[in-house]
Amino acid sequence: MPLLDTFGTGLRNNITPIVLPPSRGPGQTCPWPLPKPALLLCSPQSALSPNSAPAGGPNPAGEVDMRLAGPLRIVALVVTVGLTWIIVSILLGGPGSGFPRIQQLFNSPESSVTAEPRARKYKCGLPQPCPEEHLAFRMVSGAANVIGPKICLEDKMLMSSVKDNVGRGLNIALVNGVSGELIEARAFDMWAGDVNDLLKFIRPLHEGTLVFVASYDDPATKMNEETRKLFSELGSRNAKELAFRDSWVFVGAKGVQNKSPFEQHVKNSKHTNKYEGWPEALEMEGCIPRRSVAS
């Protein structure tokens with residue numbers, strides 16, 4: 001029945017009409033219970049929308065929105081923190097670099113300081129390369145009776161504590177003077193060993209054989225006249241006066257006519273010793289000409 005007809009009928013039947021003011025929200029409804037007889041005229045705003053919930057009842061759509069809002073805010077926060085960390089790391093140049101990277105952004109290329117290049121090392125750690133047809137070597141005598149000697153040739157370690165082929169006394173490496181290849185390396189105990197073992201090792205040397213010698217602890221107690229003479233013939237100046245606990249490094253060769261330029265010697269003296277009971281360790285390096293003939 002049309003609203004006007006209903007309204008008119010109500011008036012004719014002495015039914016009191018009740019007109020409500022406009023609703024203030026979708027959850028507001030007509031009052032209940034109503035006086036009888038009465039005609040309820042609800043404002044259109046009081047009608048509930050299909051998606052609205054009754055007053056005081058649950059709102060499923062709102063609850064879903066609230067449940068999603070929390071995780072979304074956490075995800076947004078994590079993404080923001082991650083991006084901020086990446087940007088800061090790029091600007092600072094990574095851990096340990098501090099602010100120089102930022103300063104470089106404001107400095108001109110002319111004002112930036114270029115790091116000095118590292119000094120180049122050549123064979124056996126030499127500061128300069130050897131000429132053609134020369135063999136690069138570096139050798140260190142033992143330090144007291146604690147640190148063993150080292151003999152390096154053409155960037156190959158011939159004798160060292162790491163190779164476990166050094167010992168107290170004289171450490172000797174025999175090398176082919178033409179090819180530079182190692183022939184044999186041995187250590188001879190000159191404190192409690194047999195000097196005849198050393199003599200058998202250096203007597204039959206062939207012409208052109210290079211002899212590298214590095215002392216460790218005591219190089220001379222067992223040394224006799226023949227041993228000193230053989231080393232002198234190999235080019236040594238100091239073999240004749242070598243004594244107890246002296247430091248000695250020497251490179252000689254079978255068949256040389258002159259004294260070797262590659263020799264160092266420090267006497268054992270309580271007034272000048274670097275260690276208690278031993279002189280300082282000796283270090284020697286250089287370039288040895290290859291022999292033209294090896295027999």
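Mentor: What follows sets a few labels against their cut-offs.
Mentor: This is a predicted model, in which local features need pLDDT of at least 70, side-chain atom pairs count only at pLDDT 80 or more, and totals for chains, interfaces and linings use all residues. Residues are numbered from 1 along each chain as its sequence is written, and side-chain values use heavy atoms, with hydrogens and water left out.

Trainee: Why is Asp-246 called buried?
Mentor: Buried means under 20% relative accessible area, exposed over 50%, and partly exposed in between (1.4 Å probe, protein chains only). Asp-246 has 2% relative accessibility, so Asp-246 counts as buried.

Trainee: Why is Val-75 called exposed?
Mentor: The relative accessible area of Val-75 is 51%, therefore Val-75 is exposed.

Trainee: What makes Phe-188 and Phe-201 a tilted aromatic pair?
Mentor: The structure holds 6 aromatic pairs. Phe-188 and Phe-201 form one that is tilted, at 5.1 Å centre to centre and 55 degrees between the planes. Rings of Phe, Tyr and Trp (its six-membered ring) pair if their centres lie within 6.5 Å; planes under 30 degrees apart count as stacked, over 60 as edge-to-face and the rest as tilted.

Trainee: Are Phe-188 and Phe-201 buried or exposed?
Mentor: Phe-188 has a relative accessible area of 4%, so Phe-188 is buried. Phe-201 is at 7%, so Phe-201 is buried.

Trainee: What makes the pair of Trp-248 and Phe-250 stacked?
Mentor: Trp-248 and Phe-250 lie 5.6 Å centre to centre, with 5 degrees between the planes, and form a stacked pair.
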